[in-house]
Amino acid sequence: MQAVQKVLISAWKNEIPDKNVLLMDATCYEVHMRFPTDTKILWESCQWIWEKQIPALCQLHGLRQPRSKYQDQKKKTNVYSKQRKKTFRKTKSRKNALLKLLLKGIDAYQNLLNQLKASGFTDKDAATFKTIKMVYQQQYHHFQYPKVKIKERIVSIYKPYIRPIVRGKENKPVEFGLKVHKIQVGGISILEHVSYKAFNECKRLKISILKHKNLFETCSHLAGDAIYATNENRKFATKEHITTNFVRKGRGKDDKPTKKIKALLNKDRSTRLEGSFGNEKEQYLLRKIKARNPETEMVWLFFGVLTANCVLIAKRRRRQQELKNAA
C-alpha cells in the first residue's frame with residue numbers, strides 16, 4: 001500500500017498545491033460489528049460450543065450429547081437481553097452462570113475432540129476454539145478482579161484481532177476498528193500508519209515529517225492538534241526550521257505575522273483534514289467497514305481513501321480544462 005501511494009503521489013505531484021505544508025491527525029475507521037459487552041461475548045462463546053460444534057460432532061459420529069443447562073441459560077439470557085434496565089446484580093449473576101456454562105462446554109468439547117482424535121476439526125474451528133479459551137481466561141479473571149484492566153482484550157470471537165480504541169469523544173468514548181494516522185498535503189490524504197491497536201499519534205510526528213520530505217523534499221509548515229505539541233516534537237520542529245500551529249509556551253506572545261500563519265494552519269487542519277474524515281466515512285463507505293477479515297478490511301480502507309484522492313484530482317483537472325476552454 002505504501003508503494004502504491006508513493007507511485008500515485010509521484011504521478012500527481014505537479015497537481016498538488018502547497019507541497020511544503022503538512023497536516024496530520026488520527027481517526028478510527030470502525031468495522032461492522034455489534035457493540036461488545038462481557039455477557040454478549042460469553043453468550044456467543046457458549047452458543048458456538050453448545051449449539052454449533054457439540055451437536056454437529058455428536059450427530060456425525062453417532063455419540064450421545066453431553067448433558068448441560070444450555071437451554072435453561074438460553075431462556076434466561078433472552079429474558080436478560082430484553083430488560084431495559086440491567087442492574088449490576090443481574091449482570092453479575094448472568095456472567096457467573098455463563099462462565100460456568102462456558103467452562104463446562106470447553107471441557108466437554110475438548111473431551112470429544114480427544115475421544116475422536118480431532119476428526120473433522122478444521123483450522124478455522126481450531127482458531128475460534130483457541131479464542132474462546134482466551135475469552136474464558138480473560139472474563140474469569142475480570143470477574144474475580146473487576147478493577148484490573150484486561151490486556152489485549154478480545155471483544156469478538158469471530159474477529160479476535162479487534163481491540164477497543166479509547167477516543168475520548170463525548171458521544172462515543174470507545175471505538176472498534178482501524179486506528180489510522182493520516183497526513184495530508186494539498187488536500188491529498190496519505191495513510192501514514194494503520195493499526196488495530198491503540199497508539200499515541202504524537203510519537204508519529206517525526207516519522208511523518210521524514211516521510212513527507214521523502215515524497216515532497218521540503219516541509220516548512222506543519223499543523224496538528226494539541227496532542228502533538230510535546231517538548232520533544234517542538235524541539236524537533238525548531239531544529240528542522242518548521243513553523244507549527246502549536247500554542248506558544250510561556251508568557252510571551254506571538255507577533256502578528258506568526259499569529260496569522262498559525263490561524264491559517266489551524267483553519268486548514270480543522271476544515272480540510274478533519275473534513276476529509278467525514279467525507280470518506282459518509283461518501284466512500286468507510287463509516288462501517290463490512291469486510292470479514294483483517295486483510296480485506298485493510299484493502300477496503302485503502303481503496304476508500306484512494307478513491308477520495310482520485311475524485312479530488314479529477315475535479316482539479318476538470319476545473320483546469322474549463323479555465324483553458326474559457327480563455
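Does E192 count as buried or exposed, and at what relative accessibility?

Analyst: E192 counts as buried, at 3% relative accessibility, where buried means under 20% relative accessible area, exposed means over 50%, and partly exposed lies in between (1.4 Å probe, protein chains only). This is a predicted model, in which local features need pLDDT of at least 70 and side-chain atom pairs count only at pLDDT 80 or more, whereas totals for chains, interfaces and linings use all residues. Residues are numbered from 1 along each chain as its sequence is written, and side-chain values use heavy atoms, with hydrogens and water left out.

The partner of E192 is R204, and their side chains meet in a salt bridge at 2.8 Å, N to O. Because R204 lies in the loop between β4 (188-195) and α6 (205-216) while E192 sits in strand β4, the pair ties together parts that are twelve residues apart in sequence. A salt bridge here is a side-chain nitrogen of Lys or Arg within 4 Å of a carboxyl oxygen of Asp or Glu, and helices (H or I, at least four residues) and strands (E, at least two) are DSSP runs, numbered from the N terminus. R204 is buried as well, with a relative accessible area of 16%.

In the bridge between R272 and D268, the closest N and O atoms are 3.8 Å apart, and both residues lie in helix α8 (residues 256-283), four residues apart, about one turn of the helix. R272 is partly exposed at 33% relative accessibility, as is D268 at 21%. D25, R269 and E274, in turn, are linked in a network of salt bridges.

The 33 residues of α9 should span 48 Å at 1.5 Å a residue, and the end C-alpha atoms are 48 Å apart, which agrees; the expected span is 1.5 Å times one less than the number of residues. V299, found in α9, is partly exposed at 37%, and V299 forms a nonpolar surface patch with M1 and F303, with about 270 Å² of accessible area together. Such patches are made of residues with over 30% relative accessible area and no salt bridge, with like charges joined within 9 Å and nonpolar side chains (Val, Leu, Ile, Met, Phe, Trp, Tyr) within 5 Å, and the areas come from the Shrake-Rupley method with a 1.4 Å probe, only the protein chains shown counting as cover for residues.

L301 is one of four residues, with L22, L205 and L222, that touch the most other members of the largest nonpolar core, which has 44 residues. A second, separate core of 28 residues includes L42, W48, L112 and L113, a core being a set of buried Ala, Val, Leu, Ile, Met, Phe, Trp, Tyr and Cys residues joined through side-chain atoms within 4.5 Å. In contact terms (heavy atoms within 4.5 Å), L205 meets M24, L222, Y228, N233, F236 and F246, leaving aside neighbours within four places in sequence.

W48 leads on to helix α5, where T128 lies: T128 is buried at 10% relative accessible area and touches W48 and I157, not counting residues up to four places away in sequence. The cover over the buried residues of α5 includes α2 (38-61) and α4 (88-116). The 22 residues of α5 (residues 123-144) should span 32 Å, in agreement with end C-alpha atoms that are 32 Å apart.

Finally, T77, in helix α3 (residues 70-82), is buried with a relative accessible area of 10%. Beyond its neighbours within four places in sequence, T77 is in contact with W43, R94 and L98; the C-alpha atoms of T77 and L98, 21 residues apart along the chain, are separated by 9.1 Å.
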